[in-house]
Amino acid sequence: QVPLVESGGGLAQAGESLRLSCEASLRTFSAYAMAWFRLAPGKERAFVAGISRSGAKQMYTDSVKDRFTISRDNAKNTVYLQMNSLKPEDSAVYYCAASLGGTDWNVPTRYSLMNYWGQGTQVTVSS
């Protein structure tokens, strides 16, 4: 069973919005900090946003601050990424990731700290 399954990707025009979802089949979902990474052609996989296991703290890469919002619903074992004011440079495959441990206020941002990954969902933004 795939531990993380993303959905919600697709095509959008610049300025529009998309909402990504990631449903986890992990036991004790609330024990995991969650994050979104993205992989664009010719670039390395990069951190986009993360949220602590309690949801109390969020972190964003500078390029998406004030446009993207990460949230989680521990009762539904799901993490979301609301993406507003999309730009063509946001086009990438978006991956959900889970990191076990830490504290209610810890948001891991490094690729190497993630224990599980989803299969990715494509987001394409046209100008």
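Predicted model: local features only at pLDDT ≥ 70, side-chain atom pairs only at ≥ 80, totals over all residues.

Student: Which residues in the largest nonpolar core touch the most other members?

Tutor: They are Met34, Trp36, Leu81, Met83 and Tyr94, in a core of 28 residues. Two or more residues of this core come from each of β3 (18-24), β4 (32-39), β5 (46-51), β7 (68-73), β8 (78-83), β9 (92-100) and β11 (121-126).

Student: Which residues does Leu81 touch, not counting those up to four places away in sequence?

Tutor: Leu81 touches Leu18, Arg19 and Leu20, together with Trp36, Val48, Ala49, Phe68, Thr69, Ile70 and Tyr94. Another core, of five residues, lies apart from the largest one, and Ala35, Phe47, Ala97 and Met114 are among its members.

Student: Turning to cysteines, how many disulfides does the count come to?

Tutor: The count comes to one disulfide. Cys22 and Cys96 form this link, and their sulfur atoms are 2.1 Å apart. The link is left-handed, with -80 degrees about the S-S bond.

Student: What does the pair tie together?

Tutor: Cys22 belongs to strand β3 and Cys96 to strand β9, so the pair ties together parts that are 74 residues apart in sequence.

Student: Is Cys22 buried or exposed? And Cys96, buried or exposed?

Tutor: Cys22 counts as buried because its relative accessibility is 0%. Cys96 is likewise buried, at 0% relative accessibility.

Student: Staying with β3, where is Ser21 found? And why does Ser21 count as buried?

Tutor: Ser21 is found in strand β3. Ser21 has a relative accessible area of 18%, so it counts as buried, the cut-off being under 20%. Its contacts, leaving aside neighbours within four places in sequence, are Val5, Glu6, Ser7, Trp36, Thr78, Val79 and Tyr80.

Student: In which sense do β1 and β3 pair?

Tutor: β1 and β3 pair in the antiparallel sense, over four bridges. Within this arrangement, Leu4 stands opposite Ala24 in β3.

Student: Which residues make up the covered face of strand β1, and which the uncovered one?

Tutor: In strand β1 (residues 4-7), Leu4 and Glu6 form the covered face, whereas Val5 and Ser7 form the uncovered one.

Definitions and conventions: Residues numbered from 1 in each chain as written. Heavy atoms only, no water. Core = buried A, V, L, I, M, F, W, Y, C linked by side-chain atoms within 4.5 Å. Buried < 20%, exposed > 50% of the residue type's maximum accessible area, 1.4 Å probe, protein only. Contact = heavy atoms within 4.5 Å. Pairing = 2+ DSSP bridges. Disulfide = S-S within 2.5 Å.
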